[in-house]
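User: I'm new to this structure and would like to go through it slowly. Could you put it up and start with one residue from the surface?

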Amino acid sequence: MSYPESAPARRPAVVLSAATVLLVMAVAALAYAVVDLVVLGGTVDAFRTAARDTSASPEQINDVVTLLRASAVLSAVVAVLSAPLLAGLAFGLLAGRNGVRVATWVVSGLGLLAGCCSVAVVVGERAAPLQLGSGEQALAELLGLIGDAYPSWWIPLNAGLSVAQGLGYLVVATLLVLPAANSWFGRHRSTTPTAPPMFLPASHQPPPPAPPYPPR
C-alpha cells in the first residue's frame, strides 16, 4: 500500500540569511588567520628595530617578541578552529536541525560575551594604563612600542572585525527567533517517521477455538 508523499516545506529566508551570515563569518575567520600570520614577520622586525633605541636588554626584547608571536599564533589558531564550527552550524541550519539552532544560540551568546570582554579590556587599558615599577621602565618602553610595530591599518581592521563579528552573532541569533524560523524547525521536529499501524506486532494471540462439545 502506498502513501502520498507530502511536498517538502520551502526553506524560509530568515534561515537562509542566518546560514549565509555564518558562512561569511567562517570565510572571514580563515582570511584573518592568514593575514595575521603574514603580518607577524614585519611586525617583529619593526619592533626589534624600534627597541634598539630603548634601555631594554636583549633578553627583555626577546621576551616581548615571544609574547607577540604567541599572541598572533593563538589568534590564528582560534580563527582557524572557529571557521569549520561556523560552517557546520550553517549547514545544520539549512538541514532544519533544531539541535543545531540551539547550538547556534549558544555559540552566538559566547561570541557576544567574548566581544564584550575584549571591548571592556580595551576600555580599561585606556582608562587605567598598566602601571609598572621604576625598575621596569624598560619593559614599559617595549610595551609602548607594540602598537606602533603593527601596520597602520592593522588595529583599525581588528576593531572593525570585532564589531562586525559581534553584530553577526546578534543578527544570526535574532533571525533564528523569528516566527518563520520557529515554524521551519518545528515542522522538521514533528515529522519523525513512524511505522504504519498495520506493521505493528500483535500485542496478544487470539483465543483458542472453543471445543466441539462441552466438557463433562
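**A first look**

Analyst: V177 counts as partly exposed, because its relative accessibility is 47%, where buried means under 20% relative accessible area, exposed means over 50%, and partly exposed lies in between, with a 1.4 Å probe and protein chains only. Please keep in mind that this is a predicted model, in which local features need pLDDT of at least 70 and side-chain atom pairs count only at pLDDT 80 or more, while totals for chains, interfaces and linings use all residues. Residues are numbered from 1 along each chain as its sequence is written, and side-chain values use heavy atoms, with hydrogens and water left out.

User: OK, and where is the place of V177?

Analyst: V177 sits in the loop between α5 (154–175) and α6 (179–190); helices (H or I, at least four residues) and strands (E, at least two) are DSSP runs, numbered from the N terminus.

User: Which residues make the nonpolar surface patch?

Analyst: V177 contributes to the patch together with V102, W105, V106, L110 and L113, and the patch comes to about 540 Å². Patches are made of residues with over 30% relative accessible area and no salt bridge, with like charges joined within 9 Å and nonpolar side chains (Val, Leu, Ile, Met, Phe, Trp, Tyr) within 5 Å. A salt bridge here is a side-chain nitrogen of Lys or Arg within 4 Å of a carboxyl oxygen of Asp or Glu, and the areas come from the Shrake-Rupley method with a 1.4 Å probe, where for residues only the protein chains shown count as cover.

User: Stepping back, how many helices and strands does the protein have?

Analyst: The protein has six helices and zero strands, which read along the sequence as α-α-α-α-α-α. Of its 216 residues, 26% are buried.

User: Let's take α1, then: what does the helix reach from its first C-alpha to its last?

Analyst: Helix α1 (residues 13–51) has 39 residues and reaches 54 Å, close to the 57 Å expected at 1.5 Å a residue, the expected span being 1.5 Å times one less than the number of residues. There is also a bend of about 30° in α1, placed at L40, taken as the angle between axes fitted to the seven residues ending there and the seven starting there.

User: Changing topic, which residues of α4 are buried?

Analyst: They are A138, L142, L145, I146 and A149. Seen down the axis of α4, these buried residues fall within an arc of 125°, so they line one face of the helix, the arc being that of the directions from the helix axis to the C-beta atoms.

User: Why would residues a few places apart point the same way?

Analyst: An α-helix has 3.6 residues a turn, so residues three or four places apart point the same way.
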